[in-house]
There are 2 protein chains.
Amino acid sequence: MSISALPSQIRQQCRTGELKAPTPGLALGYVQANLVVLPYDLAFEFLLFCQRNPKPCPILDVTEVGNPEPKLIAPGADIRTDLPRYRVFRQGQLVEETTDIRPFWKDDLVAFLIGCSFSFENAMLNAGLSVRHIEEGKNVPMYKTSIQCIPSRTFSSPLVVSMRPLPAHHVVRSVEVTSRYYKAHGSPVHIGNPEVIGIEDLGSPDYGSAVTLRDNEVPVFWACGVTTQTAILQAKPEFAITHAPGHMFVSDLKDEELFI
Amino acid sequence: MSISALPSQIRQQCRTGELKAPTPGLALGYVQANLVVLPYDLAFEFLLFCQRNPKPCPILDVTEVGNPEPKLIAPGADIRTDLPRYRVFRQGQLVEETTDIRPFWKDDLVAFLIGCSFSFENAMLNAGLSVRHIEEGKNVPMYKTSIQCIPSRTFSSPLVVSMRPLPAHHVVRSVEVTSRYYKAHGSPVHIGNPEVIGIEDLGSPDYGSAVTLRDNEVPVFWACGVTTQTAILQAKPEFAITHAPGHMFVSDLKDEELFI
């Protein structure tokens, strides 16, 4: 699939099994989303966790219990087949990766679609700001921090952040450009010294790959959707499904529709 | 209580029964909130309704089930005693007004605190914009519209709006000033012709009082928290409690803390 494919074409190719690859760069300009599927009896506590932590967990859509259609962001889509790859968890343990979760679907499941950083990265590139991991052809470096999310009764997690190095004279502009993407992690959570938020070594990210930090560059940190996955690993729910890393749901929303 | 009282003092006077009056103008500059209390088995569907309709229903805090303390916006407060007046509903019918809901409290109740227009009205006044119902010493005029909120499985409602007339040259400024208050209804939902949103007669509001609309003034409409009350009346839950109109919860947050 190409950069100019429509979201519905991407989803169709996932459905037929033609597309099983990661989605960065596909249908550029359309909003991609993290997926979390949980049983209804955990839905309130998870929604509350997201509501309390909107920077790492910005909710874009929540399906009706038992219904796999994300009506608000992609009418007619089916989250059971329309992502390229999924992860299935039991008691917080990864038990399977699959490209079709219909065999696991039940009437008590609720799907949460959560905003992702691709939206603001496109905006950064359009504004002439560099996105180092794209330049270097890597996955973004992500780190667990010493910042605790506000827990709900069932879910808690350290805040996970992604990092993008910027020359000092671009840092303020990066705040301005990303802050309007409130539904895609929004403005940075920290600028500068990583130790202040409990990161000891930028060269050893907890997820993704390290990227080059040049002289006169400042590390800038944004809240990251992986936080929802660590919250699920900690809560050890009986059953959960997520997208596989980088294999996102491509919605019909345009990035600019996330503006508030 | 005075304009300069601290929120904790207002709440203490509610608790002792000294204050039973409406709260507009008290502790000016601090965020006031609508209250909705529901049983846990409706909490997910109500939170989802609010999440889907953030303009009328901006969530500021949600208490843990059975716990009456709104920890995020007023640590140490007790929503059972710290508002001046409450309404108790059974099967969607108002059965009682009271100043203390401890006799009704149960371990399965969840309280939702929802942003209110007082925050952006203060900002409008500070920006030199007129707020007609305050000038005229009335309650703000509110209208049911033909716009339907996005429903959840249990909750649905027409969007209720409040109206403030502004001279044409102040309309754009009113959008700018209120839009940063995303957690207090944010920017207007409609400017100008009331018929477009199903309002036939500005002189006959569904709630509150009509105000003067002068020559060269434009009616400007904002989403209104009364929408949550109409959603509850329509859903007819077995049990619910809300604040009495105008008798809000005064939180420790400052208006500026609602900025995003």
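Colleague: What makes strand 6 and strand 7 of chain B a pair?

Modeller: Keep in mind that this is a predicted model. Two strands pair if DSSP finds at least two bridges between them. Here 4 bridges join strand 6 to strand 7 (residues 158–167) of chain B, so they pass that test. The two strands run antiparallel. To see one spot, look at Tyr143(B), which stands opposite Val161(B) in strand 7 of chain B.

Colleague: Why are strand 6 and strand 8 of chain B called edge strands?

Modeller: Start with the sheet. In chain B, 4 strands make an open sheet with antiparallel pairing, in the order 6-7-9-8. Strand 6 (142–148) and strand 8 (190–191) of chain B each pair on one side only, which is why they are the edge strands.

Colleague: Which strands does helix 5 of chain B lie across?

Modeller: Helix 5 (residues 171–179) of chain B lies across strand 7, strand 8 and strand 9 (217–223), and runs at about 20° to strand 9 of chain B. Helix 6 (residues 226–235) of chain B lies across strand 6 and strand 7, at about 155° to strand 7 of chain B.

Colleague: How do you know that strand 3 and strand 4 of chain B pair?

Modeller: Count the bridges again: 5 of them join strand 3 (residues 86–90) to strand 4 (residues 93–98) of chain B. The cut-off is at least two, so they pair.

Colleague: On to the two chains. How do you know that the copies are related as by a two-fold rotation axis?

Modeller: Turning chain B by 180°, with 0.0 Å of shift along the axis, superposes it on chain A with an RMSD of 0.0 Å. The copies are therefore related as by a two-fold rotation axis. In chain B, the C-alpha nearest that axis belongs to Phe44(B), 2.2 Å from it.

Colleague: What makes you say that the copies meet through the same surface?

Modeller: 100% of the interface residues of chain B are also interface residues in chain A, so the same surface is used. In that interface, 23 residues of chain B are in contact with 23 residues of chain A. The buried area between the chains is about 2000 Å², and carbon and sulfur atoms give 63% of it. On the chain B side, Tyr40(B), Phe44(B) and Gln51(B) lose the most area to chain A, together 28% of what that side buries.

Colleague: Why is Phe44(B) called buried?

Modeller: Its relative accessible area is 4%, and buried means under 20%, so Phe44(B) qualifies. Phe44(B) sits in helix 2 (residues 43–52) of chain B, where 10 of the 10 residues are buried. Across in chain A, Phe44(B) touches Tyr40(A), Ala43(A), Phe44(A), Leu47(A), Val62(A), Val110(A) and Phe112(A).

Colleague: What makes helix 3 of chain A largely enclosed?

Modeller: 7 of its 9 residues (the helix covers 118–126) are buried, so the rest of the structure largely encloses helix 3 of chain A. Those buried residues include Phe118(A), Phe120(A) and Met124(A). They pack against strand 1 (30–39), helix 4 (132–135), strand 7, helix 5 and strand 9 of chain A. Just after helix 3 of chain A, Gly128(A) takes a positive phi of about 80°.

Colleague: How do you know that the side chain of His185(A) makes a polar contact with Lys55(A)?

Modeller: The side chain of His185(A) reaches the backbone oxygen of Lys55(A) at 2.7 Å. The limit is 3.5 Å, so this pair is inside it. His185(A) is placed in the loop between helix 5 (171–179) and strand 8 (190–191) of chain A, and at 2% relative accessibility it counts as buried.

Colleague: Where does Asp100(A) lie?

Modeller: Asp100(A) is in the loop between strand 4 (93–98) and strand 5 (109–115) of chain A. Its side chain is joined to that of Arg102(A) by a polar contact of 2.6 Å. Asp100(A) and Thr81(A) are 19 residues apart in sequence, with their C-alpha atoms 5.0 Å apart in space. Besides Thr81(A), Asp100(A) is in contact with Arg80(A) and Tyr86(A), leaving aside neighbours within four places in sequence.

Definitions and conventions
Residues are numbered from 1 along each chain as its sequence is written. Chains are lettered from A and ligands numbered from 1 in the order in which they are written. This is a predicted model: local features need pLDDT of at least 70, side-chain atom pairs count only at pLDDT 80 or more; totals for chains, interfaces and linings use all residues. Side-chain values use heavy atoms; hydrogens and water are left out. Copies are superposed by least squares on the C-alpha atoms of residues with pLDDT of at least 70 in both. Contact means heavy atoms within 4.5 Å. Buried means under 20% relative accessible area, exposed over 50%, partly exposed in between (1.4 Å probe, protein chains only). A polar contact is a pair of N or O atoms within 3.5 Å; within protein, one must be able to donate a hydrogen and the other to accept it, and residues adjacent in sequence count only if both atoms are side-chain atoms. Axes are lines fitted to C-alpha atoms, for helices over the stretch in contact, and angles run from 0 to 180 degrees between N-to-C directions. Buried area is the accessible area (1.4 Å probe) that two parts lose on being put together, summed over both.
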